[in-house]
Amino acid sequence: YFQNKNNKMTTANSRTIKVYHQNETIEYKLRGLHENEVNKWATFCASVFSYKANPPPSSYFERHYHNDPRRDAGLIRIILYDGNIVSSCRIFLKTISTGIGSSAIEAGGIGEVCTSPLHRKRGLSKLLLHDALEIMKCVCKVSVSLLHSAPDFFPVYERGGGYACTVSPWSLLTLDARQLHNCIGDTQFRLANFPNDVKRLQVLHQKYSEQRFAGCIVRSIEYWNDYLSKELDGKMHVLTKSMTDQDVLAWMAIRSRGNYLQLVDFGYDTSSLNSKTQKNVLWQLFAHCCWNCNTFCEKEASPDQIKLHLPKFVSDDLKEAASGTNFIISSEDANDLGWMYVTLQEGSIDMVKTTETIPHLIWPSDSF
């Protein structure tokens with residue numbers, strides 16, 4: 001972090017970094033991104049992640065930036081060599097739930113960490129991580145930082161930033177596709193209508209997720225309208241009370257992950273659907289979404305079975321509603337171990353310790 005002439009913290013300044021590598025000193029510049037460089041930065045990120053099986057295009061990074069109501073170009077930390085971006089680390093400002101009633105805290109997410117292959121093994125990502133941690137602590141003054149990592153990189157964030165892993169309980173259900181299709185029925189389904197459904201969705205999400213689980217992204221009206229409406233456009237299906245009463249009772253979004261499907265977003269009105277009989281309608285919503293999405297699964301997927309990855313508490317709900325049916329062929333644990341936290345302010349909540357007693361959940365639609 002830096003101080004300006006008024007002795008206030010700022011992310012706008014630039015500083016020179018000298019790295020000794022293979023018997024030579026290499027000079028870099030570290031600073032925050034400028035607003036007019038977002039396209040250039042997005043192109044850089046896409047090029048570095050191009051090795052992935054389904055690489056994200058530059059438009060993915062641009063969309064995530066421009067649709068974020070709390071975006072700040074200066075919080076995209078970059079390192080430049082000869083005027084070109086060679087390393088990146090973005091800070092996402094989020095409000096997250098603690099799972100203790102409506103209690104929430106301010107957090108700084110870390111994402112889009114990448115370095116050009118030509119400049120790796122020089123400690124650039126570590127420098128950016130330290131820079132980001134100082135900014136989050138001293139400039140943004142958030143309580144905690146969080147990130148999602150692949151297991152291979154756990155030691156990097158444990159040693160380099162003091163992060164620790166938490167467990168998000170998830171399950172993998174194998175469903176009988178034909179049995180599922182037969183239960184679709186004529187219940188009232190439609191695509192979510194943004195912004196008309198947003199106020200109702202916000203209230204239901206608060207009760208269903210934010211007040212029950214730790215780590216949930218607290219969703220403002222602006223976040224629903226500016227960000228989620230774009231991420232879930234044409235993908236989020238809702239169950240309404242009736243043909244005439246279009247109030248949302250439940251909602252769901254599913255995406256294909258190769259040979260299985262993943263529940264991206266979900267919730268329902270627990271005061272209206274609170275018995276086994278009433279929850280049966282959730283199976284119809286699942287059937288409707290799965291059947292619509294399953295055509296996008298890869299050819300290796302069995303035509304007779306659908307594999308669905310979903311939070312364990314949702315799986316338990318569905319199992320209860322499915323007793324006496326043949327929908328579920330098998331169920332297994334498929335926990336997400338990738339979310340990591342570090343406390344930044346003295347006296348702030350320890351999220352890893354909190355999740356030992358309160359289940360941790362971040363919906364994939366909110367991931368960064």
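The chain in this model exposes about 17300 Å², and carbon and sulfur atoms supply 47% of that area. Keep in mind from the start that this is a predicted model.

## The chain as a whole

How does the radius of gyration of the chain agree with that of a compact globule? With 368 residues, such a globule would have a value near 21 Å, and the chain has 22 Å, so the two agree. Along its principal axes, the C-alpha trace spans about 70 × 45 × 35 Å. Of the 368 residues, 51% count as buried.

Contacts tell you how the chain folds back on itself. Take the contacts between residues at least 6 apart in sequence: 72% of these join residues at least 24 apart. Charges are part of the picture too, with 40 positive and 39 negative side chains. The centres of these two sets lie 4 Å apart.

If you trace the secondary structure from end to end, you will find ten helices and 17 strands.

Now look at strand 17 (residues 339-343), which is joined to strand 9 by two bridges and runs antiparallel to it. Strand 8 (residues 144-148) is also antiparallel to strand 17, with five bridges between them. Tyrosine 341 of strand 17 has alanine 164 standing opposite. Is strand 17 largely enclosed or largely open, and why? Four of its five residues are buried, so strand 17 is largely enclosed by the rest of the structure.

Five of its seven residues are buried, so strand 15 is largely enclosed by the rest of the structure.

| Strand | Residues | Bridges to strand 15 | Direction |
|---|---|---|---|
| Strand 10 | residues 170-176 | seven bridges | antiparallel |
| Strand 14 | residues 261-268 | two bridges | parallel |

To see these pairings residue by residue, find leucine 175, which stands opposite isoleucine 306 in strand 15. Then find glutamine 262, which stands opposite histidine 309 in strand 15.

## Two helices to visit

Helix 9 covers residues 312-322, and its buried residues are Phe313, Val314, Ser315, Asp317, Leu318, Ala321 and Ala322. Just after helix 9, glycine 324 takes a positive phi of about 90°.

Helix 4 (residues 154-161) contains valine 156. This valine 156 has a relative accessible area of 42%, so it counts as partly exposed. Valine 156 and lysine 126 are 30 residues apart in sequence, while their C-alpha atoms are 8.3 Å apart in space.

## Backbone details worth a look

Most residues other than glycine have a negative phi, and most peptide bonds are trans. With that in mind, which residues can you look up here?

Glutamine 22 is not a glycine, yet it has a positive phi of about 50°. Its place is in the loop between strand 3 and strand 4 (24-32). Is glutamine 22 buried or exposed? Its relative accessible area is 66%, so glutamine 22 is exposed.

Glutamate 112 has a positive phi as well, near 50°. This residue lies in strand 7 (residues 104-115). The relative accessible area of glutamate 112 is 11%, and because buried means under 20%, glutamate 112 is buried.

Finally, visit the peptide bond from phenylalanine 194 to proline 195, which is cis with omega near 5°. You will find proline 195 in the loop between strand 11 (189-191) and helix 6 (198-210).

Key. Residues numbered from 1 in each chain as written. Predicted model: local features only at pLDDT ≥ 70, side-chain atom pairs only at ≥ 80, totals over all residues. Heavy atoms only, no water. Buried < 20%, exposed > 50% of the residue type's maximum accessible area, 1.4 Å probe, protein only. Rg over C-alpha atoms; globule rule 2.2 N^0.38 Å. Contact = heavy atoms within 4.5 Å. Areas by Shrake-Rupley, 256 points an atom, 1.4 Å probe, with all protein chains shown as cover. Lys, Arg positive; Asp, Glu negative; His and termini not counted. Charge placed at Lys NZ, Arg CZ, Asp CG, Glu CD. Pairing = 2+ DSSP bridges.
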